[in-house]
Amino acid sequence: MWEDPANKAGGRWLLTLDRYQRNPWLDQTWLEIMMYLIGGDHKESNTDECINGAVVNIRNKADKISLWLPISDKNQGHGQ
């Protein structure tokens with residue numbers, strides 16, 4: 001939730017897909033994100049603290065996939 005202290009100063013990366021892209025792209029993209037987060041690859045690549053969560057929204061006009069980030073300022077990143 002945005003109210004969580006870990007997300008208070010955060011932002012998000014947002015991917016918007018037209019509803020016609022649902023079948024070829026939405027499921028595969030969401031699966032890849034979940035496998036990345038669950039599988040722990042982000043811990044090995046030193047990005048463990050760069051992603052707070054992920055959300056998928058299915059809508060009539062367009063679908064959205066969001067990665068929640070702990071910071072919203074690109075100049076305060078966690079390095080390369």
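**View 1. Strand β3 is largely enclosed by the rest of the structure.** Seven of the eight residues of β3 are buried, so the strand is largely enclosed. Buried means under 20% relative accessible area, exposed means over 50%, and partly exposed lies in between (1.4 Å probe, protein chains only). Helices (H or I, at least four residues) and strands (E, at least two) are DSSP runs, numbered from the N terminus. The model is predicted: local features need pLDDT of at least 70, side-chain atom pairs count only at pLDDT 80 or more, and totals for chains, interfaces and linings use all residues. Residues are numbered from 1 along each chain as its sequence is written, and side-chain values use heavy atoms, with hydrogens and water left out.

**View 2. An open sheet of three strands runs in the order β1-β3-β2.** Its pairing is antiparallel. Two strands pair if DSSP finds at least two bridges between them. β1 and β2 stand at the edges, each with a single partner strand, so one side of each is left without a neighbour in the sheet. Neighbouring strands are turned by 15° against each other on average, direction ignored. These angles are taken between axes, which are lines fitted to C-alpha atoms (for helices over the stretch in contact), and run from 0 to 180 degrees between N-to-C directions.

**View 3. β3 pairs with β1 and with β2.** Strand β1 (residues 11-18) joins β3 over eight antiparallel bridges. Here L15 stands opposite I65. Strand β2 (residues 53-57) joins β3 over five bridges, also in the antiparallel sense. On this side, K64 in β3 is the bridge partner of N57. A hairpin is formed by β2 and β3, with four residues between them.

**View 4. The largest nonpolar core holds seven residues.** They are L17, L26, I33, I51, I65, L67 and L69. The largest share, three residues, comes from β3. A nonpolar core is a set of buried Ala, Val, Leu, Ile, Met, Phe, Trp, Tyr and Cys residues joined through side-chain atoms within 4.5 Å. In soluble globular proteins, nonpolar side chains tend to be buried together.

**View 5. Close-up of L67 and S66 with their contacts.** Contact means heavy atoms within 4.5 Å. Neighbours within four places in sequence are left aside for L67 and for S66. L67 touches G11, R12, W13, I33, I51, G53 and A54. S66 lies in strand β3. It is buried, with a relative accessible area of 2%. Its contacts are R12, W13, L14, G53, A54 and V55.

**View 6. R22 and D63 form a salt bridge.** The structure holds one such bridge. A salt bridge is a side-chain nitrogen of Lys or Arg within 4 Å of a carboxyl oxygen of Asp or Glu. In this pair, the closest N and O atoms are 2.8 Å apart. R22 lies in helix α1 and D63 in strand β3, so the pair ties together parts that are 41 residues apart in sequence. R22 is partly exposed, at 28% relative accessibility. D63 is buried, with a relative accessible area of 0%.

View 7. Along the sequence, the pattern is β-α-α-β-β. Of the 80 residues, 22% count as buried. Among contacts with a separation of 6 or more, 58% join residues 24 or more positions apart.
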